[in-house]
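This report describes one protein chain, seen in a model of its fold. The sequence and the structure come before the text.

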Amino acid sequence: MTLPPVRMIVLRLVATLELSLVIGQAGWAAAMIGGQEQFRPHHEIGAVITLVTCALGAVSYLVLRRWAGAVNVALAVLLAVLGGVQYALGESGAVAAHVFLGVLIAMVATALTSWTYRHSPPDHVAQEALSATPR
């Protein structure tokens with residue numbers, strides 16, 4: 001078994017980190033909905049971390065767009081945009097919309113992770129990378 005190219009490893013790590021943070025946010029939200037308000041600070045801090053990570057993740061996918069492919073780039077950018085909207089909904093106190101959008105965000109993060117792990121860069125991109133590697 002050979003390892004995938006470093007660029008694909010980076011994209012997979014980014015997608016996995018984003019999905020992990022989104023799932024963590026869902027856990028803190030579930031605790032709060034279940035009446036455990038002491039977890040609000042965890043959810044609030046996690047929101048900032050998740051938002052920044054998704055924004056940086058979108059930049060990573062844009063920089064590596066030839067390796068990521070159009071679908072993955074679109075999903076990464078969508079995840080960052082939805083994260084911004086989600087943060088604004090949370091700040092405004094729109095709980096129902098915030099929870100509903102959170103479910104959609106979890107779906108987009110799952111799709112991004114799945115598509116990223118299944119994606120192979122086009123042959124010409126991989127060949128260009130191999131020919132540019134110093135020996």
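**Overall fold**

The model is predicted. Its secondary structure consists of six helices and zero strands, and the order along the sequence reads α-α-α-α-α-α. Along the principal axes, the C-alpha atoms fill a box of roughly 60 × 25 × 20 Å. The protein has 135 residues, of which 34% count as buried.

**Helix packing**

| Helix pair | Angle | Axis distance |
|---|---|---|
| Helix 1 and helix 5 | about 155° | 9 Å |
| Helix 1 and helix 2 | about 160° | 9 Å |
| Helix 2 and helix 4 | roughly 155° | within 8 Å |

Helix 1 covers residues 6-33 and helix 5 covers residues 95-118. Their axes meet at an angle of about 155°, and angles over 145 degrees count as roughly antiparallel. Helix 1 and helix 5 are therefore roughly antiparallel to each other. Helix 1 passes helix 5 in a left-handed crossing.

Helix 1 also packs against helix 2, at an angle of about 160°. This pair is therefore roughly antiparallel as well, and the crossing of helix 1 and helix 2 is left-handed. Helix 2 itself spans residues 40-63.

Helix 2 has a further packing partner in helix 4, which runs over residues 70-92. With a crossing at roughly 155°, helix 2 and helix 4 are therefore roughly antiparallel. Here too the crossing is left-handed.

**Start and end of helix 2**

How many salt bridges does the count give? The count comes to one salt bridge. The side chains of E37 and R40 form a salt bridge, with 2.9 Å from N to O.

V63 is found in helix 2, whose range is residues 40-63. Is V63 buried or exposed? Residues over 50% relative accessible area count as exposed. V63 has a relative accessible area of 61% and is therefore exposed. The C-alpha atom of V63 is separated by 9.5 Å from that of V73, and the two residues are ten residues apart along the chain.

**Nonpolar surface patch**

Which residues form a nonpolar patch on the surface? The patch is made of V48, V52, L56 and Y87. Together these residues have about 330 Å² of accessible area. Helix 2 gives the most to the patch, with three residues. One of the patch residues, L56, lies in helix 2. L56 has 55% relative accessibility and therefore counts as exposed.

**Summary**

The predicted model has six helices and zero strands. Helix 1 is roughly antiparallel to helix 5 and to helix 2, and helix 2 is roughly antiparallel to helix 4. Helix 2 also gives three residues to the nonpolar patch, and E37 and R40 meet in a salt bridge.

Methods
Residues are numbered from 1 along each chain as its sequence is written. This is a predicted model: local features need pLDDT of at least 70, side-chain atom pairs count only at pLDDT 80 or more; totals for chains, interfaces and linings use all residues. Side-chain values use heavy atoms; hydrogens and water are left out. Patches are made of residues with over 30% relative accessible area and no salt bridge: like charges are joined within 9 Å, nonpolar side chains (Val, Leu, Ile, Met, Phe, Trp, Tyr) within 5 Å. Accessible areas come from the Shrake-Rupley method with a 1.4 Å probe; for residues, only the protein chains shown count as cover. A salt bridge is a side-chain nitrogen of Lys or Arg within 4 Å of a carboxyl oxygen of Asp or Glu. Helices (H or I, at least four residues) and strands (E, at least two) are DSSP runs, numbered from the N terminus. Buried means under 20% relative accessible area, exposed over 50%, partly exposed in between (1.4 Å probe, protein chains only). Axes are lines fitted to C-alpha atoms, for helices over the stretch in contact, and angles run from 0 to 180 degrees between N-to-C directions. Angles under 35 degrees count as roughly parallel, over 145 as roughly antiparallel, 65 to 115 as roughly perpendicular and the rest as oblique. A crossing is left-handed if the near helix is turned anticlockwise from the far one by less than a right angle, and right-handed if clockwise.
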